[in-house]
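Hi everyone, thanks for making time this morning.

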Amino acid sequence: MNIRKLLILILLLPLTGLQAQETARYGRESSTMFGVSNVNQWDTYLSNERYHGGGITALSQISRPTHWFDRRLYVQHITQGNLALAEPRSDKHKSISGFFHWQVAWQYQFLNDDNEQATKTNRWSGAAGIGLQTRLGFVYNTLGGNNPASARAALNIIASGQVRRHFALWQKPFVATLQADVPLTGAFFTPDYGQSYYEIFSLGHYSRNVRAVNPFKAFQTNLLLTLDYRLKHNTALRVGCQGQYMQSDANGLKTQDFCHSILVGFVRNL
């Protein structure tokens, strides 16, 4: 698979979850958003320079109630793809990056989030729980060299929570939602200092290439703030801003992948 096909696949993967909408039941919320991003990257495996640039992103969210705890326990699926092009201050070469993010979380609703009732009253609702998250990606440096690319891979158990505010503005119903996802524990992949991927995957030279996730060696978090304006009974326009922060310091190598995005799309309640 060439790099062009890989980039297209990463961007389209978040949209595959939309095929299940036809089997939705009451209480299900499904949204799709697209946006533009500002990225900041630093990977000492490739270069000591910091890279800045922009990209595009696609995000899909699906949340539905389960039969547990009087239907207050919701399961949420999030899939996201990011593509970016960045360059250092010297502007002599560029980096191409692609990331795929998937997670499933079980969130207990502290207040009954009945969307039909929420459009008529101003109130808060909140949810919190745990989930499973995976991140896959790559950064490719056009400068070339013996090691022109760096891989990203992580599998985490996360704490996931959101707070939601239903309110009226100009006699129109709005919903504001803030969600945060923070890893509690997990593992991530990293090469060792001076180690090539050929040594790892072809020669089988393992050198502490799987490390534990913790706030000191591999801190990751995701913040998403959205605002919904209801267009119809079960359809709303959604705009949002997102911050994704991923960094690691292990095996003599440091990475930072910071991404800020502006998103717009639609949400359906069924």
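Let me start with a question: among contacts between residues at least 6 apart in sequence, what percentage join residues at least 24 apart? The answer for this protein is 66%. Please keep in mind that we're looking at a predicted model.

Now the overall layout. The protein has three helices and eleven strands. Reading from the N terminus, the order is α-β-β-β-β-α-β-β-β-α-β-β-β-β. There are 270 residues, and 47% of them count as buried. The accessible surface comes to about 14000 Å², with 62% of that belonging to carbon and sulfur atoms.

On to the aromatics. Searching the whole structure turns up nine aromatic pairs. One of them is Tyr108 with Phe110, an edge-to-face pair with 5.9 Å between centres and 80 degrees between planes. How exposed are these two? Tyr108 counts as partly exposed because its relative accessibility is 32%, which falls between the 20% and 50% cut-offs. Phe110 has 53% relative accessibility, over the 50% cut-off, so Phe110 counts as exposed.

Another edge-to-face pair is Tyr245 with Phe258, at 5.7 Å centre to centre and 65 degrees between the planes. Here the strands come in: Tyr245 lies in strand β10, residues 235–250, and Phe258 lies in strand β11, residues 253–269, so this pair ties together parts that are 13 residues apart in sequence. Both partners are partly exposed, Tyr245 at 26% relative accessibility and Phe258 at 22%.

Let's go to the interior next. In soluble globular proteins, nonpolar side chains tend to be buried together. In our model, the largest nonpolar core has nine residues: Tyr45, Leu46, Phe99, Val139, Phe189, Tyr197, Ile200, Met246 and Leu253. Some of those names come back in a moment. Which residues form one aromatic cluster? They are Tyr45, Phe189, Tyr197 and Phe201.

Leaving aside residues up to four places away in sequence, Tyr197 touches Tyr45, Ala149, Ser150, Ala151, Phe189, Pro191 and Ser202. Tyr45 and Phe189 on that list also belong to the aromatic cluster.

One last stop: a charge over a ring. The charged end of Arg50 sits over the ring of Trp42, 4.0 Å from the ring centre.

Conventions
Residues numbered from 1 in each chain as written. Predicted model: local features only at pLDDT ≥ 70, side-chain atom pairs only at ≥ 80, totals over all residues. Heavy atoms only, no water. Phe/Tyr/Trp six-rings, centres within 6.5 Å; stacked < 30°, edge-to-face > 60°. Buried < 20%, exposed > 50% of the residue type's maximum accessible area, 1.4 Å probe, protein only. Helix = DSSP H or I, 4+ residues; strand = E, 2+ residues; numbered from the N terminus. Lys NZ or Arg CZ within 6 Å of the ring centre and 35° of its normal. Core = buried A, V, L, I, M, F, W, Y, C linked by side-chain atoms within 4.5 Å. Contact = heavy atoms within 4.5 Å. Areas by Shrake-Rupley, 256 points an atom, 1.4 Å probe, with all protein chains shown as cover.
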